[in-house]
Amino acid sequence: MAKKTESFSINGEQLLKKVKELIAEGNIRKITIKDKTGKELMTFPLTIGVVGAVLAPVLAAVGALAALIGECTIAVEREEG
């Protein structure tokens, strides 16, 4: 399977919502969050079957990060079927 990477510029307030939307899409393999200078702040892999309780700590960390940063970029690695 081929991998495709795309990026989204977003503000901190929308970060958690966007990450949840991306996870719900189901074809995401990895999400990287970078600050406005391009410095990597957080990376987490998503494997098939990762759900609910396993994601709770990751989403809590994303929520805390969102409260601390202004603008950021989400880089998403997708699997193409």
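Start with Leu15. Beyond its neighbours within four places in sequence, Leu15 is in contact with Ile10, Ile33, Val62, Leu65, Ala66, Ile69, Cys72 and Ile74. Contact here means heavy atoms within 4.5 Å.

Ground rules, quickly. This is a predicted model, where local features need pLDDT of at least 70, side-chain atom pairs count only at pLDDT 80 or more, and totals for chains, interfaces and linings use all residues. Residues are numbered from 1 along each chain as its sequence is written, and side-chain values use heavy atoms, with hydrogens and water left out.

Now the core. The largest nonpolar core has 20 residues. Leu15 is among those with the most contacts inside it, along with Val19, Ile31, Ile33, Phe44 and Ile74. Which elements give two or more residues to this core? They are α1 (12-25), β2 (28-35), β3 (40-45), α2 (52-68) and β4 (71-80). α2 gives the most, with five residues.

Terms, once. A nonpolar core is a set of buried Ala, Val, Leu, Ile, Met, Phe, Trp, Tyr and Cys residues joined through side-chain atoms within 4.5 Å. Buried is under 20% relative accessible area, exposed is over 50%, and partly exposed is in between (1.4 Å probe, protein chains only). Helices (H or I, at least four residues) and strands (E, at least two) are DSSP runs, numbered from the N terminus.

On to charges. Side chains of opposite charge can pair when their charged atoms come close. Our rule for a salt bridge: a side-chain nitrogen of Lys or Arg within 4 Å of a carboxyl oxygen of Asp or Glu. That gives four salt bridges.

Take Lys3 and Glu77. Their closest N and O atoms are 3.5 Å apart. Lys3 lies in strand β1 (residues 2-11) and Glu77 in strand β4, so the pair ties together parts 74 residues apart in sequence. Lys3 is exposed, at 55% relative accessible area. Glu77 counts as buried, at 19%.

Next, Arg78. This residue is buried, at 10% relative accessible area. Arg78 forms a salt bridge with Glu6 at 2.2 Å, N to O. Glu6 is in strand β1 and Arg78 in strand β4, 72 residues apart. Arg78 also meets Glu25 in a salt bridge, at 2.5 Å. Glu25 lies in helix α1, so that pair ties together parts 53 residues apart in sequence. Shared partners join Glu6, Glu25 and Arg78 into one network.
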